[in-house]
Amino acid sequence: MRVIGKTYTIDYCPTEDMEDALGICTMAEQHIAIDDNQTPAEELDTFIHETLHALVRGMRIAFPSVEAEEAVVDRFGAGLAAIFTDNPEVLRYFQRLVREANNG
Ligand SMILES: [Zn+2]
């Protein structure tokens, strides 16, 4: 997956390899690991959460602490997951706009 000029590899990993996390974003290795034993709703939240970590680091958005980044990413991840779940037509709208943007 491309994130602000970097290509991230995404792997779906067994819970025992996940260090008590549902997802892990490793900027240096441009890697995202996702626990493969989640409900679809949990996995959506986790995927958005880890993508937001990659985004804020790629854009060099500064946070006062690791905990502050985690709190912001956690809330935005959960919020975006809820918006997409409650409004699937928004994803279809995004899809159309992206297709048109790529063809424009
Ligand atoms: Zn996190």
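**A friendly note on a predicted fold**

1. Two strands count as paired if DSSP finds at least two bridges between them. The labels come from DSSP runs numbered from the N terminus: helices are H or I runs of at least four residues, and strands are E runs of at least two. Within this pair, Thr 9 stands opposite His 31 in E5.

2. A word on the source. This is a predicted model, in which local features need pLDDT of at least 70 and side-chain atom pairs count only at pLDDT 80 or more, while totals for chains, interfaces and linings use all residues. Residues are numbered from 1 along each chain as its sequence is written.

3. Now the whole chain. The protein chain has three helices and five strands, and from the N terminus on its elements run β-β-β-β-β-α-α-α. Along its principal axes, the C-alpha trace spans about 40 × 30 × 25 Å.

4. Back to the sheet. Three strands make an open sheet in the order E3-E5-E4, with mixed pairing. Strand E3 (9–13) and strand E4 (23–26) stand at the edges with a single partner strand each, so one side of each is left without a neighbour in the sheet. On average, neighbouring strands of this sheet are turned by 15° against each other, direction ignored.

5. Look next at the other pair. E4 and strand E5 (residues 31–35) are joined by four bridges in the antiparallel sense. Gly 23 stands opposite Ile 34 in E5, and Ile 24 stands opposite Ala 33 in E5. Helix H1 (residues 40–58) packs on the sheet and touches E4 and E5, its direction making about 160° with that of E5. Such angles run from 0 to 180 degrees between N-to-C directions, and the axes are lines fitted to C-alpha atoms, for helices over the stretch in contact.

6. What sits between E4 and E5 in their hairpin? Four residues lie between the two strands, and Gln 30 in the turn has a positive phi of about 50°, although Gln 30 is not a glycine. Gln 30 is partly exposed, with 15 other C-beta atoms within 10 Å. A residue is buried if 20 or more other C-beta atoms lie within 10 Å of its own, exposed if 12 or fewer, and partly exposed in between, with C-beta atoms placed from the backbone.

7. Arg 60 is found in the loop between H1 and helix H2 (66–86), and its phi is near 55°, a positive value in a residue other than glycine. With 7 C-beta neighbours inside 10 Å, Arg 60 counts as exposed.

8. Finally, the interior. Of the 104 residues of the protein chain, 16% count as buried, yet E5 is mostly covered, with four of its five residues buried. The largest nonpolar core has five residues: Cys 25, Ile 32, Ala 33, Ile 34 and Ala 54. The largest share of this core, three residues, comes from E5. A nonpolar core is a set of buried Ala, Val, Leu, Ile, Met, Phe, Trp, Tyr and Cys residues joined through C-beta atoms within 7 Å.

9. Which residues does Ile 32 contact, leaving aside its neighbours within four places in sequence? They are Tyr 8, Ile 10, Gly 23, Cys 25, Glu 50 and Ala 54. Two residues are in contact if their C-beta atoms, placed from the backbone, lie within 7 Å.
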